[in-house]
Amino acid sequence: MIVCHCMGISDRDIHAAIDWMRQSDPQTIITPGKIYHALGKAADCGGCMPLFLQTMRRNDNLEVPMHLRGLRGHGKTQEGGYEGRREGHRVPQQGTPF
């Protein structure tokens, strides 16, 4: 089945690229951009992205390596959530005194 009409990418191409990437580097995180690059192509209009992602998710080799799971800190930094900004970093709203 053709997934990306602009670049002529099929579901078989996507699965083959995922399988190849996983075989060559079991620790890699596979993204749509890496699949396009492995196929020697680039995303064009983006209209295929929902079907592209759905096709990727159906592949058993897409799993994130176990040691890389749960690394996201749920939006907080280790320093306490300020991301290096001072507490009063916001610009005052219009009409309020400085």
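**Entry 1. Elements and overall figures**

I take helices and strands as DSSP runs, numbered from the N terminus. On that basis I read the order of elements in the protein, from the N terminus on, as β-β-α-α-α. I note that the model is a predicted one. The count of elements is three helices and two strands.

I looked up how much of the protein is buried: buried residues make up 21% of its 98 residues.

**Entry 2. Helix 1**

I turned to helix 1, residues 11-24. Its 14 residues reach 20 Å from first C-alpha to last, close to the 20 Å expected at 1.5 Å a residue. Which residues of helix 1 are buried? I recorded Asp11, Ile14, Ala17, Ile18, Met21 and Arg22. These cover an arc of only 130° around the axis, which puts them on the same side of helix 1.

On the face turned away from the buried side of helix 1, I listed the exposed residues Arg12, Trp20, Gln23 and Ser24. I then asked what covers the buried residues of helix 1. The cover includes strand 1 (2-4), strand 2 (9-10), helix 2 (32-38) and helix 3 (49-57).

**Entry 3. Helix 3**

I repeated the search for helix 3, where Phe52, Thr55 and Met56 are buried. They cover an arc of only 100° around the axis, and this puts them on the same side of helix 3. The face of helix 3 turned away from its buried side carries Pro50 and Arg57, both exposed. Among the elements covering the buried residues of helix 3, I noted strand 1, strand 2, helix 1 and helix 2.

I also looked up Gln54, which has its place in helix 3. With a relative accessible area of 44%, Gln54 is partly exposed. Gln54 and Val3 stand 51 residues apart in sequence, and their C-alpha atoms are 9.9 Å apart in space.

**Entry 4. The largest nonpolar core**

I found 14 residues in the largest nonpolar core. Those with the most contacts inside it are Ile14, Ile18, Ile30, Ile35, Phe52 and Met56. Strand 1, helix 1, helix 2 and helix 3 each supply at least two residues of this core. Which element gives the largest share of this core? Helix 1 does, with four residues.

Not counting residues up to four places away in sequence, Phe52 touches Val3, Ile9, Ile14, Pro32, Ile35 and Tyr36.

**Entry 5. The aromatic pair**

I searched for aromatic pairs and found one in the structure. The rings of Tyr36 and Phe52 have their centres 4.8 Å apart and their planes at 5°; planes under 30 degrees apart count as stacked, so this pair is stacked. The pair links distant parts of the chain, since Tyr36 belongs to helix 2 and Phe52 to helix 3, 16 residues apart. I noted both Tyr36 and Phe52 as buried.

**Entry 6. Ile9**

I looked up Ile9, which lies in strand 2. Is Ile9 buried or exposed? At 0% relative accessibility, Ile9 counts as buried. Leaving aside neighbours within four places in sequence, I listed its contacts as Met1, Ile2, Val3, Cys4, Ile14, Tyr36, Leu39, Lys41 and Phe52. I also noted the separation of Ile9 and Cys48: 39 residues in sequence and 9.8 Å in space, C-alpha to C-alpha.

Thr28 lies in the loop between helix 1 and helix 2. The cut-off for buried is under 20% relative accessible area, so Thr28, at 13%, is buried. Beyond its neighbours within four places in sequence, Thr28 is in contact with Met21, Arg22, Lys34 and Pro65.

Asn59 has its place in the segment after helix 3. At 9% relative accessibility, I count Asn59 as buried also. Its contacts, again leaving aside neighbours within four places in sequence, are His15, Ile18 and Asp19.

Note on methods
Residues numbered from 1 in each chain as written. Predicted model: local features only at pLDDT ≥ 70, side-chain atom pairs only at ≥ 80, totals over all residues. Heavy atoms only, no water. Expected span 1.5 Å × (residues − 1). Buried < 20%, exposed > 50% of the residue type's maximum accessible area, 1.4 Å probe, protein only. Arc of directions from axis to C-beta. Contact = heavy atoms within 4.5 Å. Core = buried A, V, L, I, M, F, W, Y, C linked by side-chain atoms within 4.5 Å. Phe/Tyr/Trp six-rings, centres within 6.5 Å; stacked < 30°, edge-to-face > 60°.
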